[in-house]
Amino acid sequence: MDRWRTAARVLDAVRRAPGLTRVALADELRLSSATTTETVARLRTAGWIAEERAPVSGRGRPTTRLTPAADGPTVLALDLRHEDWRLGVAGLDGIPTVVATGRRVRACPEEVAEAVGARGALALAVSFPAPLSDGRVVRAGELDWTTLDPARLTGGAGLPVLQGNDATLAGLAEARSGAAAGAGTALSVLVEVGLGGTLLLDGRPQTGAHGAAGEFGHLPFGDPTVDCPCGARGCWGPEVDGYGLARRLGMPAPSDPRTFASTVLDRTDDAARAAAAGAAAALGRGIAGLVNAHDPDVVVLGGLAPRLRGPAFDDAYTAGLMAWRRSAPTPVRDAVLGSDAALHGAVALALDEVTSAEGLARAADPHASAVAHR
């Protein structure tokens with residue numbers, strides 16, 4: 001297993017810094033020339049990486065640069081959303097290409113399973129727009145995504161199936177290659193239908209004892225007389241999403257709250273502006289509370305949240321901070337991956353699995369160990 005641990009370290013380095021020279025790789029990982037040569041050759045033969053000659057600068061032995069192979073092994077990422085779903089495929093570079101899409105209908109589980117099929121990937125990661133606890137969807141909203149059986153999804157191929165909450169995966173993606181890249185402690189908040197997020201330490205989401213951490217939208221920051229679909233009262237999420245905007249406008253709950261929220265935020269009339277300002281203030285107050293509690297280096301806002309930023313958000317955020325924080329408030333940044341963040345996060349989750357020492361060993365000898373479903 002030691003050789004696969006070294007190979008996993010090499011792939012991690014190439015994922016973080018494509019184009020790394022062989023010399024720089026050996027220096028960074030403190031590998032001997034022989035170990036570097038043997039490991040790179042094995043990964044090149046397995047199709048993971050490609051080599052190209054690096055430009056020569058001054059004297060010294062020529063070296064090569066290591067990049068993800070263009071036609072190497074792939075993983076699948078399934079992004080389940082409230083209105084639709086998308087299936088992406090990606091290689092070691094982590095950039096997903098969407099290969100199938102569909103609308104949210106009752107037949108979705110069967111349609112999704114057919115789309116996943118047998119695409120020759122090494123793993124599938126699924127992003128759920130719902131809380132997960134101990135690997136199970138515990139509240140799936142209008143559509144019962146729990147009917148997505150992992151074995152059926154993979155066409156009986158037996159590849160690993162990993163699962164994650166959409167807000168957690170969006171935060172993972174922003175920490176790897178987005179607005180929180182390089183931050184030691186980052187707070188990611190996503191507003192879609194409800195509000196979720198994650199606290200990341202050195203780029204790793206803190207998922208809690210049962211994998212259900214980050215349900216910030218169910219903190220009691222809202223109106224204590226308002227019932228939340230989760231079963232609690234006074235949750236923060238219904239204050240800032242499409243449901244909250246509809247309530248502020250005196251309108252019934254929309255069937256498509258995300259599209260409704262976008263429509264309201266596009267409007268310029270006084271009623272829409274007042275509703276948006278109320279949601280923005282609620283978002284700002286809650287973010288301040290999370291900053292006071294977690295002391296992050298940066299806060300990243302995704303989904304609809306960036307559209308709520310403005311004077312109402314700024315005033316509420318500043319007022320909610322403890323006084324000693326206001327002279328140098330934690331910066332709040334817009335997410336850079338937009339609506340693709342959860343898809344990118346699912347890819348990262350799958351790649352972490354297949355490029356681990358265990359994943360590489362399993363791919364080299366798929367019959368050596370039983371496949372674990374997560």
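**Strand pairing and cysteines in a predicted model**

Guide: In this predicted model, Val-75 has Ala-90 of S5 as its bridge partner.

Visitor: What makes strand S4 and strand S5 a pair?

Guide: Two strands pair if there are at least two bridges between them. Six bridges join S4 (residues 75-80) to S5 (residues 84-90), so the two count as paired. They run antiparallel.

Visitor: Which helix packs on the sheet, touching S4 and S5?

Guide: Helix H12 (residues 341-354) does, and it also touches S6, S7 and S10. The direction of H12 makes about 145 degrees with that of S4.

Visitor: Why are S6 and S10 called edge strands?

Guide: The sheet has five strands in the order S6-S5-S4-S7-S10, with mixed pairing, and is open. Strand S6 (97-103) and strand S10 (161-165) each pair on one side only. Neighbouring strands of this sheet are turned by 15 degrees against each other on average, direction ignored.

Visitor: Why is Cys-235 called buried?

Guide: Buried means under 20% relative accessible area. Cys-235 has 3% relative accessibility, so it counts as buried. Cys-228, at 9%, is therefore buried as well.

Definitions and conventions. Residues numbered from 1 in each chain as written. Predicted model: local features only at pLDDT ≥ 70, side-chain atom pairs only at ≥ 80, totals over all residues. Heavy atoms only, no water. Buried < 20%, exposed > 50% of the residue type's maximum accessible area, 1.4 Å probe, protein only. Helix = DSSP H or I, 4+ residues; strand = E, 2+ residues; numbered from the N terminus. Axes fitted to C-alpha atoms, helices over the stretch in contact; angles between N-to-C directions. Contact = heavy atoms within 4.5 Å.
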